[in-house]
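Please look over the structure shown below before reading on.

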Amino acid sequence: KTVNGGTTWTKLEPFTTNFIHSVQFLDANNGWVAGRAILFKTTDGGNNWVDKYSLTDKFINGMYFLDMNTGWIVGAAGYIAKTTDGGESWTPQDSGIPTYPLVNVYFVDSDNGWAAGQNGIIIHTSDGGEHWTPQTSNVSSLLYDIQFFDAQKGIVVGGEDAVILVTSDGGTTWDNSLTPSGNPPHDYYLS
């Protein structure tokens, strides 16, 4: 944990032995971690963690919280679930992707979101996840991360072949002209 922008770090006591795949903080105190059958929440900057969703049969790969109450988790076999009460309860959503894992999810507002995963899968919702629609990525790579800047402009990265896909039309089309050669990007952050 750092409180000075990364100049110094303090090691926190482990609160789980499971793999952690995703971390998101909404501010200095409120954050989430997700991973293999776990989802933990902190309200004190990571000093204490509360188990908010122990799954016995789901591998959680990614999550995104829009605010303190509304968030989504994604995982194995196209699994998606949504909370509107800060993780106190979760409602599964039908991704329409029962075969492949979803790896990450991102929402620009309470309605418009995207998820990406194995085999080049990208899905989109315009109603908060009530319905998900496949988008054509034209790649078969494992897509690791996804981010949108508004309802039209977004980027997806991943793949064994260093895939970078961009869209300027909400994912109706995805352009891979930025894809470099070399090692694949697993994560990124753009502001």
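How many aromatic pairs does a search of the whole structure find? The model is a predicted one, and the search finds eight such pairs.

**Aromatic pairs**
- The ring centres of Trp114 and Phe148 lie 3.5 Å apart and their planes meet at 5 degrees, so this pair counts as stacked, given that planes under 30 degrees apart are classed that way.
- Trp114 belongs to strand β10 and Phe148 to strand β13, so that the pair links parts of the chain 34 residues apart, and both residues are buried.
- Phe148 also pairs with Trp174, with ring centres 5.9 Å apart and planes at 90 degrees, so this second pair is edge-to-face.
- Because Phe148 lies in strand β13 and Trp174 in the segment after β15, the pair ties together parts that are 26 residues apart in sequence.
- Ring pairs also join Trp32, Phe65 and Trp90 into a cluster.

- In soluble globular proteins, nonpolar side chains tend to be buried together.
- The largest nonpolar core holds 24 residues, and Val105, Ile122 and Leu165 are among those with the most contacts inside it.
- Several strands, including β6, β10 and β13, each supply at least two residues of this core, while β9 gives the most, with four residues.
- A second, separate core has 11 residues, among them Trp32, Tyr53, Met63 and Ala81.

**Second largest pocket**
- The second largest pocket contains about 290 Å³ of space, and of its 14 lining residues the closest to the centre are Lys1, Thr2, Phe25, Ala28 and Gly45.
- Its lining is made up of eight nonpolar, four polar and two charged residues.

Note on methods:
Residues numbered from 1 in each chain as written. Predicted model: local features only at pLDDT ≥ 70, side-chain atom pairs only at ≥ 80, totals over all residues. Heavy atoms only, no water. 1 Å grid on protein atoms, 1.4 Å probe; cavity = no way out; pocket = protein on both sides within 12 Å on 5 of 7 lines; lining within 4 Å. Points joined across faces, edges and corners; volume = space filled by probe spheres on them. Nonpolar A, V, L, I, M, F, W, Y, C, P; charged D, E, K, R; others polar. Core = buried A, V, L, I, M, F, W, Y, C linked by side-chain atoms within 4.5 Å. Buried < 20%, exposed > 50% of the residue type's maximum accessible area, 1.4 Å probe, protein only. Phe/Tyr/Trp six-rings, centres within 6.5 Å; stacked < 30°, edge-to-face > 60°.
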